[in-house]
Amino acid sequence: MKGIIILLVSILLLTGCNVLEEVNHSANYLKEATNYIQNITEFGEQIPQYVENSVSELEIQNQLRNMKADIEHFIQIDPPVIAKDIHEQLATSGEQLLNSINKAINGGQVVIENISNTQVYETISNITNLMNAIENLGL
């Protein structure tokens, strides 16, 4: 009898640990997704400055490289079960944005017109709109 009680307590503790791990994973994902979307939004707000040439080409290259790294990192994140569908949408939009960034970097040179001629603004808007869906998950 004592063995069964110990077994039940052990199962409950392990189950509780798994629940706690999933809660922590969800909270970490929410933080990463929020930061990612904020970075994408800020990037979108900076594009007009790039087009107007009010920013140096070196700064633009650095921003594009940083944005590529952020997107590539986020796409690789393992989302919690509750956020899988939203993560897939964010990853798909992120890949579209990566394609636009890659078009803007032509042979190592930034051709900013290539970014403004793509659907980058629409893609950024789609990513930003997913923030509402993330907030509604209740993470």
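User: Which residues does Val55 touch, not counting residues up to four places away in sequence?

Analyst: In this predicted model, Val55 touches Gln49, Tyr50 and Ile60. Val55 itself sits in the loop between helix H1 (2–51) and helix H2 (57–76).

User: Why is Val55 called buried?

Analyst: The relative accessible area of Val55 is 11%. Buried means under 20%, so at 11% Val55 is buried.

User: What makes Leu64 count as buried, and where is Leu64 placed?

Analyst: Leu64 belongs to helix H2. Its relative accessibility is 0%, and the cut-off for buried is under 20%, so Leu64 counts as buried. Leu64 and Asn102 are 38 residues apart in sequence, and their C-alpha atoms are 8.8 Å apart in space.

User: How do you know that the span of H2 agrees with its number of residues?

Analyst: H2 has 20 residues, which at 1.5 Å a residue should span 28 Å. The end C-alpha atoms of H2 are 29 Å apart, so the two values agree.

User: Which residues of H2 are buried, and what puts them on the same side?

Analyst: The buried residues of H2 are Ile60, Gln61, Leu64, Met67, Ile71, Phe74 and Ile75. The arc they cover around the axis is only 165°, and therefore they lie on the same side of H2. Leu58 and Gln76 are exposed residues on the face of H2 turned away from that buried side.

User: Why is His87 called buried?

Analyst: For His87 the relative accessible area is 5%. Since buried means under 20%, His87 is buried. The residue is found in helix H3 (residues 84–104).

User: What makes the pair His87 and Tyr29 a polar contact?

Analyst: The side chains of His87 and Tyr29 are joined at 2.8 Å. A polar contact requires a pair of N or O atoms within 3.5 Å, one able to donate a hydrogen and the other to accept it. The 2.8 Å pair is therefore a polar contact. Leaving aside neighbours within four places in sequence, His87 is in contact with Tyr29, Phe74, Ile75, Ile77 and Pro79.

User: How many residues does H3 have, and which of them are buried?

Analyst: H3 has 21 residues. From first C-alpha to last, H3 reaches 30 Å, close to the 30 Å expected at 1.5 Å a residue. The buried residues of H3 include His87, Leu90, Ser93, Leu97 and Ile101.

User: What makes Thr123 buried, and which residues does Thr123 touch?

Analyst: The relative accessibility of Thr123 is 4%. The limit for buried is under 20%, so Thr123 counts as buried. Thr123 lies in helix H5 (residues 120–135). Not counting residues up to four places away in sequence, Thr123 touches Ser93, Gln96 and Leu97.

User: How do you know that the buried residues of H5 are on the same side?

Analyst: In H5, the buried residues are Val120, Thr123, Ile124, Ile127, Leu130, Met131 and Ile134. Their arc around the axis is only 125°, so they are on the same side of H5. H5 itself has 16 residues and reaches 23 Å from its first C-alpha to its last, close to the 22 Å expected.

User: Why is Thr41 called partly exposed?

Analyst: Thr41 has a relative accessible area of 23%. Buried means under 20% and exposed over 50%, with partly exposed in between. At 23%, Thr41 is therefore partly exposed. Thr41 is in helix H1 and touches Ile124 and Thr128, not counting residues up to four places away in sequence.

User: Where is confidence lowest, and where is it highest?

Analyst: Confidence is lowest in helix H4 (residues 112–116), with a mean of 66, and highest in H2, at 89. Over the protein chain pLDDT averages 77, and 73% of the residues score at least 70.

User: Why should some predicted coordinates not be read in detail?

Analyst: Low pLDDT is the reason: where it is low, the predicted coordinates should not be read in detail.

Notes:
Residues are numbered from 1 along each chain as its sequence is written. This is a predicted model: local features need pLDDT of at least 70, side-chain atom pairs count only at pLDDT 80 or more; totals for chains, interfaces and linings use all residues. Side-chain values use heavy atoms; hydrogens and water are left out. Helices (H or I, at least four residues) and strands (E, at least two) are DSSP runs, numbered from the N terminus. Buried means under 20% relative accessible area, exposed over 50%, partly exposed in between (1.4 Å probe, protein chains only). Contact means heavy atoms within 4.5 Å. The expected span of a helix is 1.5 Å times one less than its number of residues. The arc is that of the directions from the helix axis to the C-beta atoms. pLDDT is the predictor's confidence in each residue, from 0 to 100.
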